[in-house]
Amino acid sequence: MAPEDRIDALERAFGPLEDPGNALGQEALLAADADGDVLAVAERVLDTYAFNAEFVPEELGGRLARMDVLGRVLRPVFRRDASVGFGYGLNCFFAATPVWTAGGPAQRAAAARLLLDGRRIAVVRHEVAHGNDFVRDEFTATPADDGFLLNGSKAVIANASRAAGLVVFARTAQEGGGRSHSVLLLDRAELPAERLRDLARHATTGMRSAEFGGLEAVDCPVPGDALVGGLGDGYELSLRSSLVIRGLIPSIVLAGADTALRTVARFAVRRRDDGRSSLDVQHVRDVLTGSFLDLLLSDCLALVATRALHLLPQQMSAYAAAAAYLAPKIIAESMDEMSAVLGEESFAEDGAYAMFQKQLRDLPVTSLGHAGSAGRQVSILPQLPFFARHAWFSDREAPAELFRLHEGLPPLDLGRPALLGDSDPLAATLVAVGEQLEAGSTAFAGSTASAADTGATAAKTSAAGPGPDHRDDAHAPDDPNGRHDPNDPNDPNAAQQENLEALRHLTRSLVTELGELRKVFASMEPGDRKALVSPHSFAQADRYALVLAGAACLGVWREQRAGDDAFLADPAWPTAALYRLCRRLGLPLPERPVACEQRVLAEALARLHGRRSYDLYGSALA
């Protein structure tokens, strides 16, 4: 089945979220969440769909061939319930990734068999008492006979009691350093039950239906062939696994935020007794527009991070870290803004708008489940001095295929991604698009004429919202002789040129910011770790991530200009998105692109009423 068909089939299987008669609708999901129980009917849907096959490489009998497709397949589930999405499948992928990356043929086949049989694999790594720093792990594996003896305990493990397989990061050397831990793949059915026991389940504020329990091992014998990779490879395997996993983080957080935005938009368009709605308030329109833009930005990062695994494996490390760091951050800020629009309804745990509170609770868990934001910044920071000296303003730009939503990709090889990038082609794309805009490229203008026409009409019909000030005749007819007046605000070509001028200004600001980052990091002495981990450097890494988001946004827009999606071809959305980014960065701004924001709001409302997703794909919803 083609990827689009698989995604649509899963969406239809879950049915309309708002339908009170749907056994998989929000009422059932909220009730299960309140009870801390898994919604059994949801798991049966995933069983029927063979959801775990999405996490198994094609060569092992699964469906995993493209990481960007995997990110999209997750969205129908995470739009509804992160507990189901994480507990049923995604956590299994997190656990299996070290095996796909470095496991031997027999280990890969065994892990694939577990998942394809509908069973689960848990990763024994993270611990609440010391966050996500697994290098202080509480499991040890000491040599014994032809294998190891496993000892220790972990208090919080997703799917601890439900997992048939375990991937354990265990200490195998007493001394510290990067070779102190190793990875073991275990089949729990082959371990003595009296030597490995379940610990109590922990309640969580977010993802309340997911099981987070513990395990305790006492002299549990483990066979020698359980070792994944080599002895002492645990730290490196964790880092290599994170390269794969991080690119999926934007997809799962934007899926939950999609439901949150849809909930708030339904609230905003609701008519009161006086005939007006919250959408009549400019601040509400701004929040809806900004939240939609943040989802589009997050999806641009998701697209780049996942497709780079295939296209730029030697350069993608910083992009995966930036995507996993920035998307949860900007979406969390959007959620805060949206909660103010909902007011007291943002606290509701039942009723028409209660899904917002659930998504708000789940977001911190879904975004920090693998590694915290500081850890992602730490992955970026060591690369920036090298980029400053050797890459920025001299690299070739990224291949166009990186930004194309549906185009095929080279085969996925999880052993190829490098921990540190040797260049920064995404930053080079920012510079290249900036040069094209500065040159006033006719390609930008000509290829989006129809999009500008569509955008001008849409913006006019939504500028005043659905309130009493709306006029169907607000858009003046085109000149019958085909002429375009550059001073006529109703002329779509004039509006397009105005948008491109604003986009040129904003892109120039981001390129200038990249130049400032080059000065900062090029001035650092090689090997000066103190300077690299200073608060100032962390702040600069944050700025770099925002610059990358702008580059991803521009790359996506440029590659959609000749496509059949009028909204993505329109310069309105990247202009409004970059304005939002540059404002976050405190950079010089042009006049606020009001018409662009109106175009984005029009699209957001059209997707609400047309039941389409709030991402780059605008997928049909059940």
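Contact here means heavy atoms within 4.5 Å. By that rule, take the contacts in this chain with a separation of 6 or more: residues 24 or more positions apart account for 77% of them.

A word on the source. This is a predicted model, where local features need pLDDT of at least 70, side-chain atom pairs count only at pLDDT 80 or more, and totals for chains, interfaces and linings use all residues. Residues are numbered from 1 along each chain as its sequence is written, and side-chain values use heavy atoms, with hydrogens and water left out.

Now the overview. The chain has 22 helices and 8 strands. Helices (H or I, at least four residues) and strands (E, at least two) are DSSP runs, numbered from the N terminus. The chain holds 622 residues, and 59% of them count as buried. Buried means under 20% relative accessible area, with a 1.4 Å probe and protein chains only.

Next, the cores. A nonpolar core is a set of buried Ala, Val, Leu, Ile, Met, Phe, Trp, Tyr and Cys residues joined through side-chain atoms within 4.5 Å. The largest one has 172 residues. Which members touch the most others? They are Phe51, Leu90, Phe93, Trp100, Trp392, Tyr544 and Trp573. Helix H10, residues 317-342, gives the largest share of this core, 16 residues. Apart from it lies another core, of 22 residues, including Leu150 and Cys220.

Look at Phe51. Setting aside neighbours within four places in sequence, Phe51 contacts Leu10, Leu46, Val73, Leu74, Val77, Tyr88 and Gly89.

On to helix packing. Two packed helices are described by the angle between their axes and the distance between the axes. Axes are lines fitted to C-alpha atoms, for helices over the stretch in contact, and angles run from 0 to 180 degrees between N-to-C directions.

First pair: H10 and H12, residues 373-380. Their axes come within 9 Å and cross at roughly 150°. So H10 is roughly antiparallel to H12, a term for angles over 145 degrees. From H10, the contact includes Ala318, Tyr325 and Pro328; from H12, it includes Arg376 and Ile380. By class, there are 7 nonpolar, 3 polar and 1 charged. Ala, Val, Leu, Ile, Met, Phe, Trp, Tyr, Cys and Pro count as nonpolar, Asp, Glu, Lys and Arg as charged, and the others, Gly among them, as polar.

Phe292 of H9 and Arg607 of H22 are among the contact residues. The classes here are 6 nonpolar, 1 polar and 4 charged.

Technical notes. Buried means under 20% relative accessible area, exposed over 50%, partly exposed in between (1.4 Å probe, protein chains only). Angles under 35 degrees count as roughly parallel, over 145 as roughly antiparallel, 65 to 115 as roughly perpendicular and the rest as oblique.
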